[in-house]
Amino acid sequence: MRQCRAVFVLFLASLSLTAQSSRSNHAILDNRLALRDGWALQSSCKVETKGEALATPGFQPKGWYTVSVPTTVFAAQVKHKVFPDPYFGMNLRSVPGVTYPIGSNFSNIPMQQDSPYLVPWWYRKQFVIPAAYRGKTLWLNFHGINYRANIWLNGKQIANSNDVAGAWRTYEFNITDAAKVGAANVLAVQVFSPTDTDLAITFVDWNPTPPDKNMGLFRGVDITTSGPVALRYPTVVSKVDSPANDKAQLTVTAQVKNGTGQPVQGTVKGQIENVEFSQDVELGANESKDVTFTPEQFSQLNFDKPRLWWPRQMGKPELYSLRMEFAVEGKVSDRAETKFGIRQIKSELQAANRRLFSINGKNIMIRGGGWSPDMMLREDPQRMRDELRYVQDMGLNTVRLEGKLETPELFDYADEHGILMMAGWCCCDHWEHWAKWSTADYKIAEQSLRDQIYRLRSHPSLVMWLNGSDNPPPPDVEQTYLKVEQDLLWPNPVVSSATAKPAGFSGQSGVKMTGPYEYVAPSYWLKDQTALDSAHQCNQGGCGGAYGFNTETSMGPAVPPIESIREMLPKDHLWPMDEFWNYHAGGGAFKDLHVFSEALNARFGQATSAEDYAMKSQLQTYEGVRAMYEAYSRNKYQSTGVIQWMLNNAWPSMIWHLYDFYLRPGGGYFGAKKAMEALHPIYGYDDHSIWVVSSQYEDAEGLKLTAKVLNLDMTEKYSQQAKLDAGADSTQKVLTLPEIDGLSSTYFLVLRLEDGTGKLVGSNFYFLSSKPETLDWEKSNWYTTPTSSYADYTALGQLPKVKLGVMHHSERKGDEEITHVTLTNPSKTVALFVRLKATRGKGGEEILPVLWQDNYVSLLPGETRELTAIYGAAELGTARPAIEASGWNVQ
């Protein structure tokens, strides 16, 4: 009780509690009762009643928090305004229990003795089971508990913390005997926070960890019904005869669970469009097993001319429906339905241990970003869809989930829209501290993988599974994992880890994790050309240059636009940069922005304000992100994949994202989008060559490439045209820029790619320096290679101001508003890095999220550009859309 007394003192002044309503809140959907609203939450320090009594209608949870599940404990308190916004400034450091060193990985540190989360917390829910459920088997499902729990229903303990342990496990309990149909039921869950030696959830060095380590019911809870036998996890595994792709062989599998204490005989039936199949099954008392239909046994599962699922970049993500049921004595006991795609994903190790992926017999260059959920694991389906629309808009084809295995909605969206998902375990906490694992840890790890493979295997969007992250698991663990994946018919490649470290059992991974993560010059990606170069050794597998498959890498910080900085920092900490800025950087080696800032000030001139710094940051990040993706694209298939670290952030951050926490796209977003053009002209920082990359899967003939070099004063110093054909999924060198005399210290390269009709199909605009930018390879480490001599772009500060012509009109299509913008540069100088904002009326707030056709654009003298912005019409409210244009030298 000493801990509880300390906690009580800490909370006494700040608690603002809401009494629990006696009315039951739940949603009934067919055979599913969602237990979402009307939960009560309280610390065990304030509850002396035992679980048996808590789980009865007679107990009144007075003074408890009223919450909806899913929620973590801390997220619920934040919603009740017990604490100030933890995402703003350094508010998080004022929360009890947040005393761990700034920038350290809290998942590896024990909670302090006075932490309010060191003790268990109670979740309590009273609800009525519909009378229509009478006579059915009732199943209570927990889709995510962090970390341990004791569970009571109607005064009876149905599970204990020895069995309910593991953040990535799912739980299903047969509650038929304990439940009261047509009457009040009470569920009480005592949740324990994870310790530093648990297989829990970590954010590594991405952002701070919440003080409760995300303890709680962080995923949904529901009750489902069936007859005597339930049917779970229906899945189709497909093989495709490539390259013709005119035949496919399907294997169908599902789990069946006998909910009775008696043997059961029945029939499993399945249907895919007009194709039907069935087999008889016998189940022992309370037995669960997988039932499988193979194309060898069921010839109807051999499909001719199948509609194939493709990533959107390669084709259409076609989906079929699988319907399955289990019948006992002719009566349906349970039904299940799922969508699936007919496709086959393979990978092969090429020379120098480079893993190349193919889909339906066609190679694919993996280009993606690393995903993070919200810091408090709050679920927001609309935000998730908005973020995946950003992924599509940029042209990325893959999202990596490092140990953050999202809700079904994310995978469903990815299936429907052709986005690949690269999933696996996380690094840097107990998940990779194998030498310290207990016997229980081995069991939890195995069951966690089993639960996740069951729920993920049916999704065509899953491109691979990684059994480790920063390290491959030792042979005994890896073999356990591989057996689970084999037993459950995991249909996709399995990679031992995200690094080039060989696994003791399976050998070479075929991928690398060689950084960088901190700022590097744009030339880095092409000048580092091989892992065999002894001068370029950042980690096992070489450095981060454009060869092989780099599972996580970036050009460093991604300072957001000024509006986002103002949202995350107090006014008195906007400038100069201080510990508040640093707190919103990363952890470990990334606790401040000094490397990025040193480069920015040297290359573009000393930043004089937060606004100036933010603008220069967009320019430097655009340049750096574009260079990374372009290098990997140019070098395919010597390079086979690249994952930008990261795609998004768990909280407002100064580092590692392509769009910020407020869903505001900045320079990095549009640098990535430019690099992902389907037909794209590229400048080679290594040898001044000009390449054309095709990321589309059809030939493009009769193209014309135009390259022009302009001085700062717009004097043309070089011009060249070339005709070419671009084959499907190709890359080719078209020309090389010669030595050019009389260049200004900063000059421009303009690339235009037109089709046979003169239509612009690809373009690029580079600012370049006549001063060489050199890298100090000998001082490389795992996260950066220093720049020994910076490019000089300070002359950009001398550009004359430009007053742009800006015209716009809007139209509404369904739920979306489309604003068309016409930009005109009437001046005799370049309008550099023009940023457009759509706002709610003139001077109003920026409309977010928004899909700009292009942004941060540069206009040559006399040039006119037409651009569109697409956003939700509801975001306007009663206002009319307005457009604001700003830029490097825009008045």
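A disulfide here is a pair of cysteine sulfur atoms within 2.5 Å. This is a predicted model, and it holds 2 disulfides.

Q: Why is the pair of cysteine 427 and cysteine 428 called a disulfide?
A: Their sulfur atoms lie 2.2 Å apart. The cut-off is within 2.5 Å, so the pair counts as a disulfide.

Q: What makes the link of cysteine 427 and cysteine 428 left-handed or right-handed?
A: Look at the angle about the S-S bond: with -85° there, this link is left-handed.

Q: How do you know whether cysteine 427 is buried or exposed?
A: Cysteine 427 has a relative accessible area of 4%. Buried means under 20%, so cysteine 427 is buried.

Q: Why does cysteine 428 count as partly exposed?
A: Its relative accessibility is 25%. Buried needs under 20% and exposed over 50%, so cysteine 428 falls in between and is partly exposed.

Q: What makes cysteine 538 and cysteine 543 a disulfide?
A: Their S to S distance is 2.0 Å, and a pair within 2.5 Å qualifies, so these two cysteines are joined. The torsion about their S-S bond is about 85°, so this disulfide is right-handed.

Q: How do you know whether cysteine 543 is buried or exposed?
A: Cysteine 543 has 0% relative accessibility; the limit for buried is under 20%, so cysteine 543 counts as buried.

How values were computed:
Residues numbered from 1 in each chain as written. Predicted model: local features only at pLDDT ≥ 70, side-chain atom pairs only at ≥ 80, totals over all residues. Heavy atoms only, no water. Buried < 20%, exposed > 50% of the residue type's maximum accessible area, 1.4 Å probe, protein only.
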